Amino acid sequence: MLGLIGGTGLNQLAGLEDVREHRVDTPYGEAAAPVQVGRFGDQSLAFLPRHGRGHRLPPHAINYRANVHALHQLGVESIIGVAAVGGISAHMAPGELVLPHDLIDYTWGREHSYSQDGDVPLQHVEFAPPYAPALREALLASARRQGVGLRQQAVHGVTQGPRLETVAEIRRLGRDGCDIVGMTGMPEAALAAELGIPYACLAVVVNWAAGIGQGGIHEEIERFVEMGMDKARRVIEGLSQPAEA
Ligand code: HPA
């Protein structure tokens, strides 16, 4: 079963059928919301809104350990994390759907590992690359079949939020090699790695990052959120179709 963690603009998954809700209690507390297990296209899928129902939780207050563990307890075999991001590089314009291949973690103070309190043996989990190559390939193939444009090379900078960045911070991220910037990509990806679950991120660019283009969040953001999330949904739906010969 595929696990899908939705973010801003994807707090509900339209088209998920035969839904059963699972309130999962984990050793790390409760997930942000009951997990909805159902059929999406031709595949079974477990959907969890990262910020909770009605988008209650800001990025730094999300219980990432409980969210990822809840999907693990339900037996998901891979996880796609959908995230709204800002564009830094020239070709990362609002409305683009992006499949990052690498990340830089700028977050701090988040419960970011299962081997924290001695409850899980210490493991220095491999994280290069942070996103599962086979899952990325499957998403790229699905995007091609569905006729959805998907940018396949990007470094995802993950900041603490909830505030947006300063112009100097975005300049630094650009110098570091970041192409896009979001607030929720970590520690989610690393926690999946600790549990041995292949993870990929589908990022929807919803604004230019601070100091780039017109920069900042403006009225058009809703249009880009809707446009990008619709693309993400189509790519995920197409995952269940057989690969071309
Ligand atoms: N910065 C950080 N996170 C974001 C942004 C941004 O510009 N847009 C959407 N998520």
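I began with the shell around the ligand and found that strand S7 gives the largest share, 3 residues, where strands (E, at least two residues) and helices (H or I, at least four) are DSSP runs numbered from the N terminus. I note that this is a predicted model, in which local features need pLDDT of at least 70 and side-chain atom pairs count only at pLDDT 80 or more, while totals for chains, interfaces and linings use all residues. Residues are numbered from 1 along each chain as its sequence is written, and side-chain values use heavy atoms, with hydrogens and water left out.

Next I listed the residues around the ligand, which are Ala 84, Val 85, Gly 86, Leu 164, Glu 165, Val 181, Gly 182, Met 183, Val 206 and Asn 207; a residue is near a molecule if one of its heavy atoms lies within 4 Å of it. By class I read 6 nonpolar, 3 polar and 1 charged residues in this shell, with Ala, Val, Leu, Ile, Met, Phe, Trp, Tyr, Cys and Pro taken as nonpolar, Asp, Glu, Lys and Arg as charged, and the others, Gly among them, as polar.

I then looked up polar contacts, which are pairs of N or O atoms within 3.5 Å. A polar side-chain atom of Asn 207 lies 2.6 Å from a nitrogen atom of the ligand, a polar side-chain atom of Glu 165 lies 2.8 Å from a ligand nitrogen, and a backbone N or O atom of Ala 84 lies 3.3 Å from a ligand nitrogen. Of the 260 Å² of accessible area that the ligand has on its own, the protein covers 92%, by the Shrake-Rupley method with a 1.4 Å probe. I also noted that strand S7 (78-87), strand S11 (180-182) and strand S12 (199-208) are the elements that give two or more residues to the shell.

The peptide bond from Ala 128 to Pro 129 is cis, with omega near 5 degrees, and Pro 129 sits in the loop between strand S9 (102-105) and helix H2 (133-146). The bond from Gly 161 to Pro 162 is cis as well, with omega near -5 degrees, and I placed Pro 162 in the loop between strand S10 (155-158) and helix H3 (167-176). Asp 18, in strand S2 (residues 17-22), has a positive phi near 50 degrees.

Definitions and conventions:
Polar contact = N/O pair within 3.5 Å; in protein donor to acceptor, adjacent residues only side chain to side chain.
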